[in-house]
Amino acid sequence: MNHQAHKLETLFGEQSVSKKSKTRFIAVTSGKGGVGKTTISANMCFLMAKRGIKTGVFDADIGLANLDVMLGLSPQKTILNLLKGDAEIADIILPIDKNCFLVPGESGNEILKFGDQFMYDRFYSEIEKLDFLDYLILDTGAGIGEHITMFLHAADDVIVVTTPDPAAITDAYAMLKVLSAKKERIFLLVNQAQDDLEGERVFERVRKVAAANLPSLKLINAGSLQKDNDVAKSIRSRYILSKEAPASRASMKLEKVIDRILNVMERQMLERKEDSGFNRFFKRLLNQF
Ligand SMILES: Nc1ncnc2c1ncn2[C@@H]1O[C@H](COP(=O)(O)OP(=O)(O)OP(=O)(O)O)[C@@H](O)[C@H]1O
Ligand SMILES: [Mg+2]
């Protein structure tokens, strides 16, 4: 066993170096910034891990990473070290909790130098070694930038997050339009709603426009989360709300969101005898060139 395989096995157990390729990738994205992607990604990772699902969250907001700060962590090494070639994936991945892992991203300009094929070759050849994960959540930046679309097209499923703000809805729709060229289905999650009714109304509004203009797209309602002081406080104080307050309204609602998403994804996995996780991921990546 090579050095890295040994290290992964020590960190995460025997299964970590198994050849069972099965990781599913869920990208969390939005048209407009600041709608709650990072908050949702971090809390989802924790709640899925609590169900016994091995889940990683990768800070894929290239150049603007802040998931580590949100989690109150200061990683020694990040994806930048991996791209520079002075770290391997086993050196940068951090256990956050039982079954829950962070792949730290990088903020700053230096990483933008790697915005070429090299970045993807290096990144994907390394991330393949995380195949012990059941799910990897990709917390992306907002909008339709070059790096972001790569991650989105390569993910098994995409969650587009919006708020009821009309500008956010317009940008979310623009995102759906771009993604619908590659994705059969997309989840829409309404965050910071006043109540369930507002969440439903926002979904319905987007669904109608999408049905009229993007007929091939299956838009799935992932549910809604309310604007909530507990959430805002957890971000300010850098703790994971779902961990500290699993019975809070926001945590319970996010559990429902996860139920809906996993239900759809797992049903499909049972229905279709698909390629392994990383094979599918690479095939989709290659199809983009
Ligand atoms: N449900 C919520 N209730 C109250 N505040 C929220 C909620 N969701 C997110 N916020 C607040 O919105 C702000 C932005 O959240 P977050 O950083 O998760 O958004 P983002 O979409 O990742 O932003 P960016 O596009 O900059 O990456 C945070 O200050 C957070 O506290
Ligand atoms: Mg973010």
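A nonpolar core is a set of buried Ala, Val, Leu, Ile, Met, Phe, Trp, Tyr and Cys residues joined through C-beta atoms within 7 Å. The views below show a predicted model.

**View 1. The largest nonpolar core.** This core has 79 residues. Leu 138, Val 160 and Leu 188 are the residues with the most contacts inside the core. Helix H2, which covers residues 37–50, gives the core 8 residues, the largest share.

**View 2. Surroundings of Leu 188.** Residues up to four places away in sequence are left out of this view's contact list.

**View 3. Ala 49 in helix H2.** Ala 49 lies in helix H2. A residue counts as buried if 20 or more other C-beta atoms lie within 10 Å of its own. Ala 49 is buried because 24 other C-beta atoms are within 10 Å. Not counting residues up to four places away in sequence, Ala 49 touches Thr 55, Asp 97, Lys 98, Asn 99 and Cys 100. Tyr 135 is 86 residues apart from Ala 49 along the chain, and their C-alpha atoms are separated by 9.5 Å.

**View 4. Strand S4 and its two partners.** Strand S4 consists of residues 100–103. Strand S2 (residues 55–60) runs parallel to S4, and 4 bridges join the two. Within this pair, Val 57 stands opposite Leu 102. Strand S3 (residues 94–97) pairs with S4 in the antiparallel sense, over 3 bridges. Here the bridge partner of Leu 94 is Leu 102. A hairpin is formed by S3 and S4, with 2 residues between them. Asn 99, in the turn, has a positive phi of about 70 degrees.

**View 5. The two faces of strand S4.** In a regular strand the side chains alternate between the two faces of the sheet. In S4, Cys 100 and Leu 102 are on one side, and Phe 101 and Val 103 are on the other. These four residues are all buried, and both faces of the strand are covered.

**View 6. The shell around ligand 1.** Ligand 1 is surrounded by 19 residues, and the closest are Gly 33, Gly 36, Lys 37, Thr 38 and Thr 39. At least two residues of the shell come from each of H2, strand S5 (135–142), strand S7 (185–193) and helix H10 (229–237). By type, the shell divides into 6 nonpolar, 9 polar and 4 charged residues.

Conventions. Residues are numbered from 1 along each chain as its sequence is written. Chains are lettered from A and ligands numbered from 1 in the order in which they are written. This is a predicted model: local features need pLDDT of at least 70, side-chain atom pairs count only at pLDDT 80 or more; totals for chains, interfaces and linings use all residues. A residue is buried if 20 or more other C-beta atoms lie within 10 Å of its own, exposed if 12 or fewer, and partly exposed in between; C-beta atoms are placed from the backbone. Two residues are in contact if their C-beta atoms, placed from the backbone, lie within 7 Å. A residue is near a molecule or strand if its C-beta atom, placed from the backbone, lies within 6 Å of it. Ala, Val, Leu, Ile, Met, Phe, Trp, Tyr, Cys and Pro count as nonpolar, Asp, Glu, Lys and Arg as charged, and the others, Gly among them, as polar. Two strands pair if DSSP finds at least two bridges between them.
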